[in-house]
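I opened this notebook to record what I looked up in one structure. The entries are brief and follow the order of my reading.

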Amino acid sequence: MQETSIKSSKQKISKSLNEKPIYILGPCSAEDRDQVVNTAVDLARRFPNAIYRSGIWKPRTRPGNFEGIGEKGLKWLREAGDLSGLPVATEVANAEHVELALSNDIDILWVGARTTVNPFYVQEIAEALKGVDIPVMIKNPLAPDFSLWLGAIERFEKIGIEHVIAIHRGFYNFDSKPYRNSPQWEIPIQLMANRSDIPIICDISHIGGSPELLPLLAQKAMDLNMSGLHVEVHPRPSEALSDAMQQITIKELATLIDGIQWREPSTSDVDFKEGLQDLRNKIDQVDQQILSDFFNRMQTIARIGSLKKQNKVTILQVKRWKKIEAHYLKEGMALGLNKEFLQNILHLIHEESMRIQHEIMNE
Ligand code: PEP
Ligand code: MN
């Protein structure tokens, strides 16, 4: 590449990455030259600062599905970048992919969810990038394992990659309904809390798995103040060779983005600030009360533990536990509290109560 074109491509990349929100858009897979190039050119009209993505090697969970067009797609992707003016990105899953992507002047690389789960692969890819100045986007691992995600990020940082971008694409769970991959927002929130220096993009397509869920997911991601959105687009979604169920057209994407309510992380309005402070004070008082109620409960539990120990009675009495759970679930739901939240909190309290009794009885 000529020095001047390297410079302008670096400028384009940093422009796209400094946008708020950052948009990563494009088809799941590169299928043919026209699809790759035309989609990029059409996207650039509406999203001139987007990053254009397309998979060349597709990590399919089961064999027999479309496994990507392979190396020749890299040329189409480069051409798409040159004609649209958008930086282009593709997925790399091993050192050979890295070498081919770099020799075809791909601007940005990403590591897929099936690769992030494996530190050996992550390390191999990272080492292939030693000394290379290229942004790397790291999808969360398939499993809801925060450390694995952070670990992959750290491996790239350690070999000197300056621009690491995290992509939240949801997690595999035996039952993720209604999503394709459950969002488990607490995990990207944990990443934001630990690494506020890294942009985190929400891949609403792989979380949702179907177009109806996209608007809600996009709104939620923006309300959590995430750095951007990743959406798969295809000129004829139903004919796509991979992820046909979840891709949308550029027109549908434009409608989706127009439907987002944009909110700021803060405002200088004095009435708002005072109102918020009042409510936060109230919350602090309630939390303090909850803490002391928990303390009282656990102290009483300890006394129950001693009593059971003296009388040689077992810790768990399933009947009583079931009765308590059903009672408070009903009461809580009557108050308007969410069923899943109630179940989670009741289980947590019960687990801790059993742990305390266990400790006392085995002292
Ligand atoms: C993709 O982005 O097309 C892809 C394969 O994603 P993931 O690694 O999140 O499954
Ligand atoms: Mn896909």
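**Entry 1: basis**

I note that this is a predicted model, in which local features need pLDDT of at least 70 and side-chain atom pairs count only at pLDDT 80 or more, while totals for chains, interfaces and linings use all residues. Residues are numbered from 1 along each chain as its sequence is written, chains are lettered from A and ligands numbered from 1 in the order in which they are written, and side-chain values use heavy atoms, with hydrogens and water left out.

**Entry 2: ligand 1**

I looked up the surroundings of ligand 1 and found 13 residues, the closest being Arg53, Lys58, Ala113, Lys139 and Arg169. A residue is counted here if one of its heavy atoms lies within 4 Å of the molecule. The shell consists of eight charged, three nonpolar and two polar residues. In this sorting, Asp, Glu, Lys and Arg are charged; Ala, Val, Leu, Ile, Met, Phe, Trp, Tyr, Cys and Pro are nonpolar; the others, Gly among them, are polar.

I then checked oxygen atoms of ligand 1 against side chains. An N or O atom in the side chain of Lys58 is 2.8 Å from one such oxygen atom. For Glu232, a polar side-chain atom lies 3.2 Å from an oxygen atom of the ligand, and for His206 the distance is 3.3 Å. Of the 300 Å² of accessible area that ligand 1 has on its own, the protein covers 99%; these areas come from the Shrake-Rupley method with a 1.4 Å probe.

**Entry 3: Arg263**

I located Arg263 in the loop between α11 (250-258) and α12 (270-310). Helices (H or I, at least four residues) and strands (E, at least two) are DSSP runs, numbered from the N terminus. Beyond its neighbours within four places in sequence, Arg263 is in contact (heavy atoms within 4.5 Å) with Gln219 and Asp223. The C-alpha atoms of Arg263 and Leu224 are 10.0 Å apart, although 39 residues separate the two in sequence.

**Entry 4: backbone**

I recorded a cis peptide bond between Lys20 and Pro21, with omega about 0 degrees. Pro21 belongs to the loop between α1 (3-18) and β1 (22-26). The bond from Lys177 to Pro178 is also cis, with omega near 0 degrees, and Pro178 lies in the loop between β6 (164-168) and α8 (186-194).

Asp105 is in the loop between α4 (95-103) and β4 (108-111).

How values were computed:
Polar contact = N/O pair within 3.5 Å; in protein donor to acceptor, adjacent residues only side chain to side chain.
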